[in-house]
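Please read the following note with the structure open beside it.

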Amino acid sequence: MGRPKTNDHAVGERLVVCATEMLATRPREAVTVRAVAAAAETSTTAVYSLFGGKDGLIGAVRDRAVAGLFQEVSAVPASADPLADLFALAVAYRRWGRGHSHLYTVLFGGVQSFDPSGEVGVDDPIRPLLAAIDRAVAESVLAGEATSIALSVWAAMHGLVTLELAGALDAATAEAAFRSTMHATLRGWTTPAVFTSLRRAEPAP
């Protein structure tokens, strides 16, 4: 009987989970190969054989976060209302962040940069947002540069989710703030005609 395989998928999974938790709660330089291996109850050799070292392990954490967020936002179906679609994307973004707080913290805490003006990959989480914005601009619902709109929307989403995950907002306040802020952000980019129609549709005070 051969020796049991120790550096298998289960070990890799434990390493990614432990690295994610550590990266979300301590400075990156404090996350060592030895510390992650100890937390995952394996050897440092496993980190090098499975990921090539610390950078490779951090890359695996990043890839998992990116893939998870992309899957969440890309599952949002398109409708006849571009503004409703953009709000639905924001809701999906928040849902994923709340459900994967450690991955969210890691993803936007230094292992991933956000550059909407750069080249967008096929599986980049920003792609569905940019596609929805492009459609809204093409249909004269929004007015402005798509990259500027994307940055504005992302800044609003990220700020609200970060505050919520930090415990700065209670559940009711977080929900109300998210809805009002996202609606206001999107409305601010609408064309004059759409803005006027939205104002007319608002209930009287």
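1. A nonpolar core is a set of buried Ala, Val, Leu, Ile, Met, Phe, Trp, Tyr and Cys residues joined through side-chain atoms within 4.5 Å. Buried means under 20% relative accessible area, exposed means over 50%, and partly exposed lies in between (1.4 Å probe, protein chains only). The largest such core holds 56 residues, of which Leu15, Val36, Leu86, Leu129, Met157 and Met182 touch the most other members. Helix H8 (residues 146–165) supplies the largest share of this core, nine residues. Because domain 1 (1–52) and domain 2 (61–201) both give residues to the core, it lies between them. The domain bounds come from an automatic or database domain assignment, while helices (H or I, at least four residues) are DSSP runs numbered from the N terminus.

2. The model is predicted, so that local features need pLDDT of at least 70 and side-chain atom pairs count only at pLDDT 80 or more, whereas totals for chains, interfaces and linings use all residues. Residues are numbered from 1 along each chain as its sequence is written, and side-chain values use heavy atoms, with hydrogens and water left out.

3. Where is valine 47 placed? Valine 47 belongs to helix H3 (residues 44–51) and is buried, with a relative accessible area of 0%. Contact here means heavy atoms within 4.5 Å. Neighbours within four places in sequence aside, valine 47 is in contact with Leu15, Val33, Ala37, Gly52, Gly53, Lys54 and Leu57.

4. Two packed helices are described by the angle between their axes and the distance between the axes. Axes are lines fitted to C-alpha atoms, for helices over the stretch in contact, and angles run from 0 to 180 degrees between N-to-C directions. The axes of H8 and helix H9 (residues 171–188) come within 10 Å and cross at roughly 170 degrees. H8 and H9 are therefore roughly antiparallel to each other, a term for angles over 145 degrees. Among the residues that meet are Met157 and Glu164 in H8, and Phe178 and Met182 in H9. Not counting residues up to four places away in sequence, methionine 157 touches Ala90, Tyr93, Leu129 and Met182.

5. Side chains of opposite charge can pair when their charged atoms come close. A salt bridge is a side-chain nitrogen of Lys or Arg within 4 Å of a carboxyl oxygen of Asp or Glu, and by this rule the count comes to nine. One of them joins arginine 28 and aspartate 55 (4.0 Å, N to O). Arginine 28 lies in the loop between helix H1 (9–25) and helix H2 (33–39) and aspartate 55 in helix H4 (residues 54–74), so the pair ties together parts that are 27 residues apart in sequence. Arginine 28 is partly exposed at 39%, and aspartate 55 is exposed at 60%.

6. Which residue forms a salt bridge with arginine 98? The partner is glutamate 164, with the closest N and O atoms 3.2 Å apart. This pair links distant parts of the chain, arginine 98 in helix H5 and glutamate 164 in helix H8, 66 residues apart. Arginine 98 is partly exposed, at 47%, whereas glutamate 164 counts as buried, at 16%. Salt bridges that share partners join Arg94, Arg98, Glu164 and Glu175 into one network.

Conventions. Helices (H or I, at least four residues) and strands (E, at least two) are DSSP runs, numbered from the N terminus. Angles under 35 degrees count as roughly parallel, over 145 as roughly antiparallel, 65 to 115 as roughly perpendicular and the rest as oblique.
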